[in-house]
Amino acid sequence: MTANGSFLLGPLLYLLFSAFSAIPADGQVRYIIPEEMAVGSFVGNIAKDLGLESSRLATGRGARLFFVGSNEYVELDREKGQLLVRERIDREQLCGDTSACSFTFEIILEDPIELFRVTVEIEDINDNSPVFPKREIELEISELAVPGARFALESAVDSDVGINTLQEYLLRPAEHFTLKTQSRLDGSKNVEMVLQTALDREKQEQHYLTLTAVDGGDPQRSGTVKIHIVVLDANDNAPIFSQSVYRAAVVENSPKGTLVLTLSATDADEESNGSILYYFEHTAAIVRELFTLEPTSGDIKIAGEVDFEKHKIFHIKVKAKDQGGLTDSSEIIIEVVDVNDNAPKITLMSFSSALPEDSVPGTVIAILNVLDLDSGDNGKVSCSTDYALPFKIQSSLTNYFSLVTDSVLDREDISEYNITVIAVDGGVPPLTSKQVLRLKISDVNDHAPRFEKDTYSAYLPENNAPSMSFFSLRAKDDDWGSNSRVSYFVVDDSLNGVPLSRYISINSETGTLYAVTTFDYEQIKTFTIQVKAQDGGSPPLSSNVTVNIFIQDQNDNAPQVLYPVQTGGSLVAEMVPRSADVGYLVTKVVAVDVDSGQNAWLSYKLLKTTERGLFDVGLQNGEIRTVRQVSDKDPVKQTLAVVVEDNGHPSRSATVNVNVVVADSFPEVLSEFSDFGQNKDYNDNLTFYLILALAVVSFLFILSVIAIISVKFCRWWNRRLFFKSNVNLPVIPYYPSLYADVGTTGTLKHMYSYGVYGTADSRKSALNVNITDVESMQRKMKEDGNSVIEENPPNTDWRFSQNQRPGPSGASPEEATGVVTGTGPWPNPPTEAEQLQALMAAANEVSEATATLGPGSRYGPQLTLQRAPDFRQNVYIPGSTATLTANPPQQALPPPQAQVLPPSQADAPKAAQTPASKKKVAKKDKK
């Protein structure tokens, strides 16, 4: 970044117009790349430059990068065999002011072990601007200063090197001063300001200048500092150092306070103008940490820990200043003297912990990196190992050593080595380091199995049981692992024309010989076989041995068990109470042997029991007794297998099963006793089929219940829908709109028209109440041209009898006599009470018909019964003494009469009767 904060394209242009170079050498590769490359940038194709296949870097353990004393700036792409930038590389941070900057690492390959050294040189780019230690320099100059007087200025610092570092200084304005630069021993530039014309304090007391430092990079970078000059009076002699360059040497690790050197400067002036103070001029932070300068005495002392491995030389600029502001500068070069304070450091780069014993001399076992941070003879390292061991150390690359075999190895002699590697430097006194390596020698199949004897004799009694073992062979193999695993085989041969495999077999792992068939001493007395022992190596090694087998005449009769008697049809079981004590006598096994002598001596052993540790049998008498107390957890039925063996050679034996029942009563025995005689093979599938059958039956039962409930619910729901949708509302009598009102009561002046609209769904039924003024209706009819209103003869069905009319009006004479006279004028219109009674009956029928819909149901837009006033309450009729209630008393209905209905009416379904419809039928019957 430049001084004004803009980014430069120098690194990018360098990458575009320059090529990386790979310089191969013997086992070494060198790359040159610029600093500040982006992460993941290409460094070089290491596989191609080393002449390796890319698969060599990726297979097995592949390749490893080993860095010593530096960050891991690069990484290896194993698939492509390329080196890539792993992290940002700053040359100034890596190498400081050293012009030649590089870092080195090693590439280690396995199978076989190979080592290559890679050096990456970092080229500088102009990424740092010259920087002054201060933003402003203040100088005090006497007006008596003569032209040619020099004033030292603090130099700028540019971290870049070569052409990119600081090149020149520019001073503006240059009216009174010019610049003079001198090159130091370390390559930096010393800048001084030289007075050209005398200063006059009376004309100008202060001067302001700008000093610019410019480097040689492309694009060019610069840094500036302001110079503030104050003109003083009366000091005309500047201090002068006794030496232009001071040199000193300091031993590393010197204690703090050690005097390095003392500065000396003189001033020809007197009094205050001759008093001199000493200062560090533009020193790095590390110098201020390690050294101090006494301003008055000029003593430079150690203030920190000086380490040769970190800093080998220091260049320090000092300044002497008198009270008049005149100065002189000098340079100090402090060299650090190395002492042998670092022991060699051993790093194990690669190590094969196991080595085959047939490895040829010179086989590489390990690669070690030995580094000593000291210099000169103190940093020279030599490695060695114990000369008594069959190993030696060879030097490969600088600071790298290889541990190789020096002679033939034999695992059977020494299977493991502890190798101590000793690294010694050349210091006085020398410092050493040790590294212990544990090496195992892996086995190679180089030894055949060996028998202890060349010939073996084996004895086999006659009448032996088939598969009886009678002799064991053992061969030893000095190898290890699978190479020492010995397998045994009988060499194919024949005996009396029959293959030996029909007579003898051998366990391939243990070497035990078995008799395949029963031998008879009278037929075969002796024969010879060849046994081969073969190891598991590749290829396998083997050896043979001869075995002479002798048949012995032995005991021919086995013991016979007299008690307990076991037959195929009956069983005998011994009962043991659960309260039996330890030592309780259960039963006694009785056996005899027809042999005589020691062959007839019998011994009894317990071969197998249902519950271990509960019973035992006497060795000589065959008595079966309890060993411990019987517990409730012990099974009820117990089966004991007793072996009766004689004392013959070989011994013969007989086995008897004793059934024992652990119970306190006989009924408890019956449930378990039937299971003794025979071993039932229970069918494991029976339980599965039972569970499957139970599951199927349960599923069918649940399915049947669900079907029945569904049918019941459907029938109930259909009846409910039928009752809801087929309720017939009562038919309300319709009174003609021109019904004459004779005005006898004078209470009702309006005509009421009732209309009931019913649908198949009772939810949509509605009741219309229309009130029409008779006078307005008559007026309208007159306007239509009808001057005379003719009335049709009344229908007798619409006539109300006096008994049917509510209120105090009694029966008329005509209705009392039951005679209807003529076809004269219309009868009296229905009274208000009759009209209201009809209205109440209709409202009551509609309310009952819609009661099942519940609250919140909607009807037609004309009327919502839910919100209509309740006309079923007590109603007062003006001009009458009668009061209507919601539930008038019902009259006894006569039995229905058969009527002949028209075809249309006969086919229509009959509606359910309601109280209103019943009342209407009763009125018609009376008429």
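Cys95 and Cys101 are joined by a disulfide, with 1.8 Å between their sulfur atoms; the term is used for a pair of cysteine sulfur atoms within 2.5 Å. The model is a predicted one, in which local features need pLDDT of at least 70 and side-chain atom pairs count only at pLDDT 80 or more, while totals for chains, interfaces and linings use all residues. Residues are numbered from 1 along each chain as its sequence is written, and side-chain values use heavy atoms, with hydrogens and water left out.

A search of the whole structure finds one disulfide. In general terms, such a link is a covalent bond between the sulfur atoms of two cysteines. The link of Cys95 and Cys101 is right-handed, with 70 degrees about the S-S bond. Cys95 is buried at a relative accessible area of 17%, and Cys101 is buried at 1%. Here, buried stands for under 20% relative accessible area, exposed for over 50%, and partly exposed for values in between (1.4 Å probe, protein chains only).

For the protein as a whole, 37% of the 927 residues count as buried. The fold holds 12 helices and 56 strands, where helices (H or I, at least four residues) and strands (E, at least two) are DSSP runs numbered from the N terminus. Of the contacts in the protein with a separation of 6 or more, 66% are between residues 24 or more positions apart; contact means heavy atoms within 4.5 Å. The protein exposes about 53400 Å², of which carbon and sulfur atoms supply 52%, with areas taken from the Shrake-Rupley method and a 1.4 Å probe; for residues, only the protein chains shown count as cover.

Strand β17 (residues 245–251) pairs with β24 in the parallel sense over seven bridges, two strands being paired if DSSP finds at least two bridges between them. Within this pairing, Ala248 has Ile334 of β24 as its bridge partner. Strand β23 (residues 313–322) runs antiparallel to β24, and nine bridges join them; Val318 is bridged to Ser330 of β24. β23 and β24 form a hairpin with four residues between them, and Gly325 in the turn has a positive phi of about 95 degrees.

Ile313 belongs to strand β23 and is partly exposed, with a relative accessible area of 39%. Leaving aside neighbours within four places in sequence, Ile313 contacts Ile333, Ile334 and Glu335. Ile313 also lies 8.9 Å from Ala249, C-alpha to C-alpha, although 64 residues separate them in sequence.

The surface brings a contrasting picture. Phe699 lies in helix α7, residues 684–725, and counts as exposed at 54% relative accessibility.
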